[in-house]
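This report walks through local features of one protein chain. Please keep the sequence and the model side by side while reading.

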Amino acid sequence: MPKYLLRLLCFTMILGALPVIVIGSVSYSIASRDIEQKVRESNLQILHQTQMRVEQVLRSLQLSSIQYVNSPLVLQAMKKPLDSSEFQEIRDLTSGFNNLQAVTNIDQAYLVNLDQDWVVSMRSFGKLDDFSIRDRIGSYLTYTNSLFWVTQNDHLSTESIPASAGIAEESQEQMPTLISSNDVVSMVFKIPMVPTNVRPKGFLVIDIADAEISTFLSQNPNTGDMYVLDRDQNFFLNEHGQEEKYATLNEEIQAKVETSNQAEGFFNAEVEGNQVAVSYRKSPLNGWLYVSVVSLGQITAQSQKIALVTGVATLVMLCVTGLFAIYGSRRMYSPISRLLQFTKGLDSPVLQTGRRQDEFIYIEERLSTLFSSEKSLREQMKGQHVHLEEFFMTKLLTGKISEEDFRYQGERYDFPADWSSLGVLTLQIDTLEGTRYEEQDRDLLLFAVNNMVGELLPAELRFTPVMIDDAQVTVLASRLNDELQLKEWMHTQAEWIRERVVTYLNLPVSIGISRSYFAIGDTPRAYQESREALQGRVSLGSRIILHYEDIQPRGQTEAALYTQLRMIEDQLASALKQGDEEKTDMYFTQYLGLLADKKLHFSEYPVIMVQLLSRVYQLVQEQGGDVAEVLGEKASMAQLLKLSTLDEMTNWFRKRLFVPVIRFWREQEESQYMNIARRMIRLIEERYDRELSLEACAEELNFHPVYLSRVFKKEAGVNFTEYLAEYRMEKAKTWLQTTNLKISEIAEKLNYTNPTAFIRTFRKITGTTPGKYREQQR
């Protein structure tokens, strides 16, 4: 299948299938979300109904209990002590308990009088200590409300009728013993029913079995597991085993209730690896939390049917879309196919990539090759035209083309046609020292200057600017005939160029201007004149514009000048040998001052400077040094001849010649001094026991004694005689410590003919006599 046809088919398929897939996905997502929301709301509503059923029973029991507590019978009984002899009154109190059974089945009821220490239950009477409720009274006293609900998770023990109750035996037989094995929920009333922190007189406690209240919870399997948490988050009204299962979930529910401060809500959670939906409601009556936990799989069961129907419908629509995409793509591709067949018949070279190409790319390559040749030729001719102009001007300036050839070939270029006078401007860089450029940047800077000249001067006022060697050259064309006006005009153009170069490149340059001429054949001569004008920088300085007419003619150099220069050269060489930088700089300044006073022609400066350079080379060679190694490549004569100003020459001599030569002479002298001092020390070590003097060393080493004395003093820090005496005394110390030689014998071994002289010398150097020294060491 062609590549573009495949792309077109894929695009139409995506364009048709994407809306179908998006609509199906969105529809399924919305339907699933709505079903899940409806199920959640339904579960929350069932949870609300369950809460209302439970609370309706609890509220009815509360009202009945309040009526019982506020009845005259109870109020009178709470004010007096009771005993088993008051059977009728006790029976009346228990009859009130029986009336509460009309509301719901009560597991047990207690009327407790704390002040008179008696308890009446549904089937017995006695002291508080005789009933198991005594264990709960202490916790009830901590509550501040007068009516509250308490969940009990402990099984009730058997309560028998106390023997002291005083109830007839036949009545006791009619009251069956209560045994409760279920968890209970207790409703507690403080008597009197006034919220206070004062200890109450008694309590009314109604126990209802959890199983009784659990009958009101929903048993619908669609609602999942339903259970209740009391105010203290205790687990009750549920099947055994669910407490551990939902322990972590209950903590999460409690956290959401505390953070949201809302009485109801729902969220998704995970229980034992299963995703569940949790709904909860908090009761304002007693703070109980009603919870419903439903599996998400159960909630989304209905949405699976919707997913199946949506998937089938989407698949059918995709098939229909695919058929239309194939048909429409082929119809749309037919004109492209015809155009492709047409371009394949063109006889134009096309790059074969070895892989299947897009049809439009193939057609584009075919058509572009029809026009690429002409465009390429035009670009090449445009680029070569500039190079040809520069090459033509270079040949003209160097005299390699005649005036006839210029007239014949110059018509091809856009040179000025009408002029009255011509002139040549030659620009050179004065120096790169002190600028931000390096020497290797010189050619690039000249190229930049050449481009600037081409942009600054209009094409009708100049020929093509070119670069020759180390200069930038421009031939100016003017219609002025007056010589002074023409000279002023060329100076203005040169000043404009120099200012722009300084502004944009911050580069010190000078420009030489030739005399005006008319015939194009005189261009080489004018170019040489502009170069000669630039040589005047040697005496006039840098950053200037020089006309050829302004250069003074060469005069005759006085013979006395060379004699004076030779004398200063000798003094300068002597200062270099001594390593005296101040004297060297002083004599060199005198040397330059003499040249400035004589106002030499610029052509004389290189000759004199080469003479001074040769004298410096001679100093290096006198010490056996290699000129190239000591001074380096930048101190060569070729570098000197490239310098164009006197300031450049002065700095070059001081940095490139004088400093390395002084350093070389110092190193050579220090090396020679050290060698001489070592040889003298070696003679002392070898001949300390014989007659040895400075004159003997001088004769041995072939140096003058005064020179040897100065060298030894400089290197050893002491004179020759002192060093010889100290060395001999060191030998004497060693013999005094390690041998039993007599002092006279030691003096003789050290070439002292008189022991007294030895002792005197030893005391002078060590501060003690040889005998005392031997005693101290031993």
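Asn506 sits in the loop between helix H14 (483-505) and strand E15. The model is a predicted one. Asn506 has a phi near 50°, a positive value in a residue other than glycine. Most residues other than glycine have a negative phi, and most peptide bonds are trans.

E15 spans residues 509-513, and five of its five residues are buried, so the strand is largely enclosed by the rest of the structure. Both of its faces are covered. Val509, Ile511 and Ile513 are buried on one side, Ser510 and Gly512 on the other. Strand E12 (residues 421-429) runs antiparallel to E15 and is joined to it by five bridges. Ile429 has Val509 of E15 as its bridge partner. Strand E16 (residues 545-547) runs parallel to E15, with three bridges between them. There, Ile513 stands opposite His547 of E16.

H15 covers residues 523-534, 12 residues in total. From first C-alpha to last it reaches 17 Å, close to the 16 Å expected at 1.5 Å a residue. Its buried residues are Thr523, Pro524, Ala526, Tyr527, Glu529, Ser530, Ala533 and Leu534. Glu529 is also linked with Arg515 and Arg525 in a network of salt bridges.

In H23 (residues 694-701), Leu694, Cys697, Ala698 and Leu701 are buried. They cover an arc of only 100° around the axis, which puts them on the same side of H23. The exposed residues Glu695 and Glu699 are carried by the face turned away from that buried side.

**Salt bridges**

The structure holds 12 salt bridges.

| Pair | N to O distance |
|---|---|
| Asp115 and Arg199 | 3.9 Å |
| Asp470 and Arg531 | 3.3 Å |
| Glu730 and Lys733 | 3.5 Å |

Asp115 forms its salt bridge with Arg199. This pair links distant parts of the chain, 84 residues apart. Asp115 is in the loop between strands E1 (108-113) and E2 (118-121), and Arg199 is in the loop between E5 and E6. Asp115 counts as partly exposed at 45% relative accessibility, while Arg199 counts as exposed at 52%.

Asp470 meets Arg531 in a salt bridge. Asp470 lies in the loop between strands E13 (466-468) and E14 (471-478) and Arg531 in helix H15, so the pair ties together parts 61 residues apart in sequence. Asp470 is partly exposed, with a relative accessible area of 34%. Arg531 counts as partly exposed at 21% relative accessibility.

Glu730 and Lys733 are three residues apart in helix H25 (residues 720-738), so about one helical turn separates them. Glu730 is partly exposed, with a relative accessible area of 45%.

**Other backbone and surface features**

The peptide bond between Ile191 and Pro192 is cis, with omega about 5°. Pro192 lies in the loop between strands E5 (184-191) and E6 (202-209).

Asn751 has a positive phi near 70°. Asn751 is found in the loop between helices H26 (743-749) and H27 (755-766). At 26% relative accessibility, Asn751 counts as partly exposed.

Ile14, Leu18, Val22, Val26 and Ile30 make a nonpolar surface patch of about 420 Å². Ile14 lies in helix H1 (residues 3-69). Ile14 counts as exposed, at 54% relative accessibility.

Terms used: Residues numbered from 1 in each chain as written. Predicted model: local features only at pLDDT ≥ 70, side-chain atom pairs only at ≥ 80, totals over all residues. Heavy atoms only, no water. Helix = DSSP H or I, 4+ residues; strand = E, 2+ residues; numbered from the N terminus. Expected span 1.5 Å × (residues − 1). Buried < 20%, exposed > 50% of the residue type's maximum accessible area, 1.4 Å probe, protein only. Pairing = 2+ DSSP bridges. Patch = residues over 30% accessible without salt bridge, like charges linked within 9 Å, V, L, I, M, F, W, Y side chains within 5 Å. Areas by Shrake-Rupley, 256 points an atom, 1.4 Å probe, with all protein chains shown as cover. Salt bridge = Lys/Arg side-chain N within 4 Å of Asp/Glu carboxyl O. Arc of directions from axis to C-beta.
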